Amino acid sequence: MKDAYYFSHDSNARNDQRLMKLRMKYGPEGYGIYFMIIEILRDTENYTLHISDVQSICFDVRVDKDKVLDILKNYNLFVFEGDFFYSKSLSRRMEKLD
């Protein structure tokens, strides 16, 4: 059995204005995609992914590339540094656990 790793999650995350805008466009699907990306990032070294990983994210969450890229780039939920991206919120939360 694979280990499952913990990260904290605010019970009112859905009320964050950025996530509210995401939900307004994509409904619960967008919210689920966002948290699936966060879970994927949680399982990576340094909680960071390369933009070339988008295709495998799309396969994993069964969503088209345009939707994933829109969620990554247009809601101020992820930070891009060159060709890499991460969640500032996840990184901050993981600092406490690490």
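Predicted model: local features only at pLDDT ≥ 70, side-chain atom pairs only at ≥ 80, totals over all residues.
Helices H1 and H3 are roughly perpendicular to each other, a label that covers angles of 65 to 115 degrees, while under 35 counts as roughly parallel, over 145 as roughly antiparallel and the rest as oblique. Residues are numbered from 1 along each chain as its sequence is written, and side-chain values use heavy atoms, with hydrogens and water left out.

Let's stay with that first pair. Two packed helices are described by the angle between their axes and the distance between the axes. Here H1 (residues 17–42) and H3 (residues 65–73) pack at about 85°, and their axes are 10 Å apart. An axis is a line fitted to C-alpha atoms, for helices over the stretch in contact, and angles run from 0 to 180 degrees between N-to-C directions. On the H1 side, the residues that meet H3 are Leu-22, Lys-25, Tyr-26, Glu-29, Gly-30, Ile-33 and Ile-37. Their partners in H3 are Lys-67, Val-68, Asp-70, Ile-71 and Leu-72. Contact means heavy atoms within 4.5 Å. Sorted by class, this meeting place has seven nonpolar, one polar and four charged residues. Ala, Val, Leu, Ile, Met, Phe, Trp, Tyr, Cys and Pro count as nonpolar, Asp, Glu, Lys and Arg as charged, and the others, Gly among them, as polar.

Now step back to the whole chain. It has four helices and three strands, in the order α-β-α-α-β-β-α along the sequence. Helices (H or I, at least four residues) and strands (E, at least two) are DSSP runs, numbered from the N terminus. Of the 98 residues, 39% count as buried. Buried means under 20% relative accessible area, exposed over 50%, and partly exposed in between (1.4 Å probe, protein chains only).

Which residues of helix H2 are buried? In H2 (residues 54–61), they are Val-54, Ile-57, Cys-58 and Val-61. These residues cover an arc of only 100° around the axis, which puts them on the same side of H2; the arc is that of the directions from the helix axis to the C-beta atoms. What covers them includes H1, strand E1 (48–50), H3 and strand E3 (84–86). Just after H2, Arg-62 takes a positive phi of about 60°.

Next comes the interior. In soluble globular proteins, nonpolar side chains tend to be buried together. A nonpolar core is a set of buried Ala, Val, Leu, Ile, Met, Phe, Trp, Tyr and Cys residues joined through side-chain atoms within 4.5 Å. The largest one here has 27 residues, and those touching the most other members are Leu-22, Tyr-34, Ile-37, Ile-57, Val-68, Phe-78 and Phe-85. H1, H2, H3 and helix H4 (88–97) each supply at least two residues of this core, with H1 giving the most, ten. Leaving aside neighbours within four places in sequence, Val-68 is in contact with Ile-37, Val-54, Ile-57, Cys-58, Val-61 and Val-63.

Glu-39, found in H1, is partly exposed at 43%.
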